[in-house]
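Let's take a walk through this structure together. Have the sequence and the 3D view ready, and follow along.

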Amino acid sequence: SKVAAGSASESPKDFDVGPSKMGQRDNSKTVSTEALMTVYHPQDADNLDSKMLKEKMKEQSWNILFVERGHGVSMFRTKKTRDLVVRGIPEALRGELWLLFSGAVNDMASNPGYYTELVEKSLGTCTLATDEIERDLRRSLPEHPAFQSDTGISALRRVLTAYAYRNPQIGYCQAMNILTSVLLLYAKEEEAFWLLVAVCERMLPDYFNRRIIGALVDQAVFEELIRVHLPQLTDHMTDMTFFSSVSLSWFLTLFISVLPIESAVNVVDCFFYDGIKAILQLGLAVLEYNMEKLLTCKDDAEAVTVLNRFFESVTNKDSPLPPAVQQGSNLSDTKSDHPKVDITDLIRESNERYGDIRYEDVESMRCRNRLYVIQTLEATTKQNVLRVVSQDVKFSPSDLEELYELFKKEHFLSCYWNVNSPVLQHHDASLPYLDQYRIDCQQFRVLCHLLSPWSHCANRDSLALWTFRLMDERSDCLINFKQFACVLDTMYNGSFTDKLKLLFKLHIPPAFTEVESLSPSKGGDLSKEELIHFSQLSVSSVGDSLESDSLKSSPEKGKGKVDIQAYLKQWQDELLKKEENIKDLPRMNQSQFIQFSKTLYNLFHGDPEEELLYRAIAVVTSLLLKMEEVGRRLQSPASPVKSPVAIVEVPAEIPRKGLEESSSEQTEGSRAQGLRGNHEWSFAFEQILASLLNEPAFVRFFEKPHDIKVKIESAKNLQFKARISV
């Protein structure tokens, strides 16, 4: 999509502005006002050889056309214009006509001074895009003298960096450097920038991003055209994906990466005049020219070799470039066993044989194939995510797939529920598969209500909040599908110890945060605003320093830009991470234990053994507090502490309704004593686990199997309705 020129003058939020090594490499921000070809290959008017004479004749033909059909934006496109483009635009007019045919001349005229301003702002920024640009600068036409010097390299750096600053959604993608290098040869620096804008944002939409969807769509169109125009070739090839793999560079670089530079510029001429249609036509002509040899190939590797040798044999006999620059003329005789093919003849033949392909047909095929390409990419993402997550959970493959679909659907419902939803930024196709879809706390609450076996709990909103905070290891208020599936797997398939450990961790930092004290009259329900607020709160814990270090090395540190190496290291650390030892868990203090007991009470509500479980809570609580009292007396026998048992112990004969009232009273009493007393009491997980294991009702409750299939089927029907009610 086209980026509005006016908005580009503002500093993009996605980009981190800071000191850069680029500024040290390129102290000059002066924009070049000459095309590099003018600097490195000036035409000598006094010594005209036969090629230069032909070049002058081409220029004269264009000058006559300008007189007859108009010059500049007022020029008419006629058959004569097309014929002249097919013959190759003269070197002196190439930059001007590229600007005209692409429409970039209008963009540049509408935004005077815009490029210079972008250069001033962008040089000095440090982002993943600028790092990648710096890495690729000297890989861009390295054989050309213009890019063996600081003049060409600096101009290329400025154009690519300015564009990455203008359009951070694209930023920089490989192949942009090759295309921009050729643009700089024939156009002034500012003109090259606007040509790049035209290519990336209009002529080749969605080409230059990490998923190259636009290029994949056009490859699908190319395959469709091959089936129509070259059926014998499709009958021979067992797998049509060969054409996609071999032709990807044709589309991304407009044949610049496979043809000698003196021939490739003629292809670029046709592209700016005819758009993607010219590339499709030329691709068909190349395959038809090599038809006989391709039909005899036994495998894909042999077919690739045939095409590579063909491209090496393509020449431009009329090119006025010096032999030292021409790549085709540098081939040794031993390699040129393939008969020479002139690029002009090849382009002319592609127009004659496939010129009846209409723009409307191409656009129709693009629309038809776009959905297929996106579905294929999404299917690949899904397969990779399920493959990784299935190793860590006990869900069946079908259940895990259903959960993934619900997770993804919740993400998209949030994206498109409101026009201005900020959640749109949570889907980033450039991220590794696991992190392409992530949800926030509000979305997680909806899924928890639909899928959790504990969703009947009166404080289910608090449980959802604490669970989300526990999983949000990066503290960016987003979780991925693996984190979501793993916590659900513990709830459904975990052992008694696993489930109890999860509940324990939900009631200690960093997951636990007090929510009831702020709105005691509301009960367990939290508004969306409260939920988001509590999910963003920082709670100190024993591992804060470790978490801080992990955040510093987070792959997200560049304001949304991804450090792939950091992700690889993060995954490696996860693989090497040992199983968590229960002895490493911090102790639970009194206020946390009170909330833990209330959660258990809420979980047991409605269970067939409800009354038995309530009594077990009282027994376990009494036992733990007595153990704590004994421990304190042993530690400091001279100053005994008044036992809190009298306040929290619940007699076994209290009926269920009375127990509920007593539980509320004991909670308030315990909290009051905690505020009055000078000594805090706390429990280790091992103590709580050992106490609960002595109560068979507890063990039966947590080991009771739950069928997630029932929840999944219910969630499918209720997911959309849940968004209305939450």
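**Confidence first, then a closer look**

In this predicted model, residues 517-522 keep a pLDDT under 50; pLDDT is the predictor's confidence in each residue, from 0 to 100. That stretch has four contacts beyond four places in sequence, a contact being heavy atoms within 4.5 Å. Residues 641-678 also have a pLDDT below 50, with 48 contacts in the model beyond near neighbours in sequence. For the protein, the mean pLDDT is 80, and 77% of residues reach 70 or more.

A bit of housekeeping: residues are numbered from 1 along each chain as its sequence is written, and side-chain values use heavy atoms, leaving out hydrogens and water. Local features need pLDDT of at least 70, side-chain atom pairs count only at pLDDT 80 or more, and totals for chains, interfaces and linings use all residues.

Buried here (under 20% relative accessible area, 1.4 Å probe, protein chains only) are Ile343, Thr344, Leu346, Ile347, Ser350, Asn351 and Tyr354. Down the axis of H19, they fall within an arc of 170°, so they line one face; the arc is that of the directions from the helix axis to the C-beta atoms.

Finally, Thr127 sits in the loop between H7 (114-122) and H8 (128-136). Thr127 is buried, at 6% relative accessible area.

Note on methods: Helix = DSSP H or I, 4+ residues; strand = E, 2+ residues; numbered from the N terminus. Buried < 20%, exposed > 50% of the residue type's maximum accessible area, 1.4 Å probe, protein only.
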